[in-house]
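Subject: A structure for you to look at

Hello,

Here is the structure I promised to pass on to you. Please open it next to this email and follow along as you read.

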Amino acid sequence: MKGLRTASIRIQILVLATLLIILVSVVATLSEPFIYGRHDKGVAIGLLAGRIERVLDQYRQAHSPVEEEAALKFAATLGISADKMSANQIPPQDQADPASNDIVERVRAVLEIGVFKAIENVFADRSAGNILIVKVDADRALVFHLPVFPNYLWLFPAMASGILKIVIPLALMAYFSSWLITRPVVRFAAAAERASMDDSLEKPFVADGASEIRSLAASLNVMRSRILEMVDSRTRMLSSISHDLRTPLTRLRMRAERCEQPELQRQMLADIATLGSMIDESLTFLTDASHSVPSRKVDISSLLQTIATDFSDTGIEVGFRGPRRLTCICKPQAITRAITNVVENASRYATEIEIELQSASNGGVLIRVSDNGPGLTDALKVRALEPFFKADKARTTGMGGGFGLGLPTAEGIVRKGHGGTLKLLDLKPNGLIVEIALPPTQHEAMGRLAGDPKKIPSAS
């Protein structure tokens, strides 16, 4: 079994096809006698024809009505119903030479039908039975009422034979084949999803299964290692650039502070602060440092209330609605940063913001940040999650604008750091909802709201 699992897919298919042939042959050999048995058509027709010939022989030797009746009674003892008929009453199509020995063929012609006729007879009324007229001599004939064999005795066994010999073996082998061949592929999909959320995995793709899949796993592990090396090199380069940029920015700030023109000094310091913020936000987005922080159990309700309170202290109206206590397994600093980015983005275009928390129907956590701003079109909703994209033309209310990294950073934290999703939805009649869903694996409900949820106003 281990050798088959590690063989190439071509060898696996060849071996499975050979096993299918052997299985079909064994099942057919064992099932054929039990399926047909005494109901076999050839045996039944032969026995019936032999009994009819015996009745005909005794009837030919009868020279009186008493002897003829005795022959008919003899037919009844054999399970055959027969009636006398005058030879001149025989229909033309049933005329036959009485000396010819064709009883078997004539019985076969009456009883043996094709598969389509058998299927038709299953739904047709066959109560009248089958009639065979045999001419005994020049003056006499016998009408035999042949038994009506139930169609299921001949049709259904043939169908059962095909099912047992073909359908069931093929189904079993197809299931086993799909399990054997596709199981490594399923593991690949799970490993790829796990690797996308955890950069600490050195070799997420296990080299197991067919030779082609083992070769693919090794190649993907090498490719992933090279990508991680490239990312680490990029992070070190960006950190070095950050350090090199901060030194001249510090000198510019010191020189601007000595400027004797107040208005020029204010403008220069504002530009320097903007450059510093841009460097900090870009580095934070590119390094993804928060993704490697381990998760722990936190009271997500308390965390969101703290965020709402902190924004209210700065004069931004942010409210919270949800349970008083709800715990989940997450990275609290990363979630705080994600929600903060979303609220900051909303504060530039709206005057009222609300953070809503609830347990999702699938057992996860659902966080909604809604605002009363002008909202976004469907096309802009997609582009708003792209780095450095700003939709100021659509959302013109508010003060100032960011660098276009707030929502992409939050989406990266939710998707890569927690395996969740971030969606942009419409708020009626106007506004935008940022819906963050954390999966059930990250959620552990430890407490419930005592009473109905109510809106908790932020401290101002």
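Is Asp426 buried, partly exposed or exposed? Asp426 is partly exposed, with a relative accessible area of 39%. For these words, buried means under 20% relative accessible area, exposed means over 50%, and partly exposed is in between (1.4 Å probe, protein chains only).

Before going on, two notes on how to read the values. This is a predicted model, so local features need pLDDT of at least 70 and side-chain atom pairs count only at pLDDT 80 or more, while totals for chains, interfaces and linings use all residues. Residues are numbered from 1 along each chain as its sequence is written, and side-chain values use heavy atoms, with hydrogens and water left out.

**The whole protein**

The protein has 13 helices and 11 strands. Both kinds of element are DSSP runs numbered from the N terminus: helices are H or I with at least four residues, and strands are E with at least two. Of the 460 residues in the protein, 37% are buried. The protein exposes about 26,500 Å², and carbon and sulfur atoms supply 59% of that area; accessible areas come from the Shrake-Rupley method with a 1.4 Å probe, and for residues only the protein chains shown count as cover. Among contacts (heavy atoms within 4.5 Å) with a separation of 6 or more, 69% are between residues 24 or more positions apart.

**Lys381 and its two partners**

Side chains of opposite charge can pair when their charged atoms come close. A salt bridge here is a side-chain nitrogen of Lys or Arg within 4 Å of a carboxyl oxygen of Asp or Glu, and a search of the whole structure finds 13 of them.

Lys381 is buried, with a relative accessible area of 10%. Its side chain meets that of Asp426 in a salt bridge of 2.6 Å, N to O. This pair links distant parts of the chain, with Lys381 in helix H12 and Asp426 in strand S9 (residues 421-426), 45 residues apart. Lys381 also forms a salt bridge with Asp378, at 3.3 Å, N to O. Lys381 and Asp378 are three residues apart in helix H12 (residues 378-383), so about one helical turn separates them. Asp378 counts as exposed, at 58% relative accessibility.

**A network that includes Glu68**

Salt bridges link Glu68, Glu69, Lys84, Asp137 and Arg140 in a network. One of its pairs is Asp137 with Arg140, at 2.9 Å, N to O. Asp137 is partly exposed at 25% relative accessible area, whereas Arg140 is buried at 16%.

Glu68 is also among the buried residues of helix H4, together with Ala71, Leu72 and Ala75. Seen down the axis of H4, these buried residues fall within an arc of 95°, so they line one face of the helix; the arc is that of the directions from the helix axis to the C-beta atoms. The face turned away from the buried side carries the exposed residues Val66, Lys73, Ala76 and Thr77. After H4 comes Gly79, whose phi is positive, near 85°.

**Helix H10**

Helix H10 (residues 300-313) has 14 residues and reaches 20 Å from its first C-alpha to its last, close to the 20 Å expected at 1.5 Å a residue. The expected span is 1.5 Å times one less than the number of residues. At the start of H10, a side-chain oxygen of Asp299 comes to within 3.2 Å of the backbone nitrogen of Ser301. Ser301 is one of the buried residues of H10, which also include Leu304, Ile307 and Phe311. What do the buried residues of H10 pack against? Their partners include strand S4 (296-299), helix H11 (332-347) and strand S8 (365-371). H10 is followed by Gly315, with a positive phi near 95°.

**Two loop residues**

Phe389 sits in the loop between H12 and helix H13 (406-418) and is buried, with a relative accessible area of 17%. Leaving aside neighbours within four places in sequence, Phe389 is in contact with Leu380, Arg383, Ala384 and Gly404. Phe389 and Leu405 are 16 residues apart in sequence and 7.6 Å apart in space, C-alpha to C-alpha.

Pro429 lies in the loop between S9 and strand S10 (432-438). A cis peptide bond joins Lys428 to Pro429, with omega about 0°.

Enjoy exploring!

Note on methods
A polar contact is a pair of N or O atoms within 3.5 Å; within protein, one must be able to donate a hydrogen and the other to accept it, and residues adjacent in sequence count only if both atoms are side-chain atoms.
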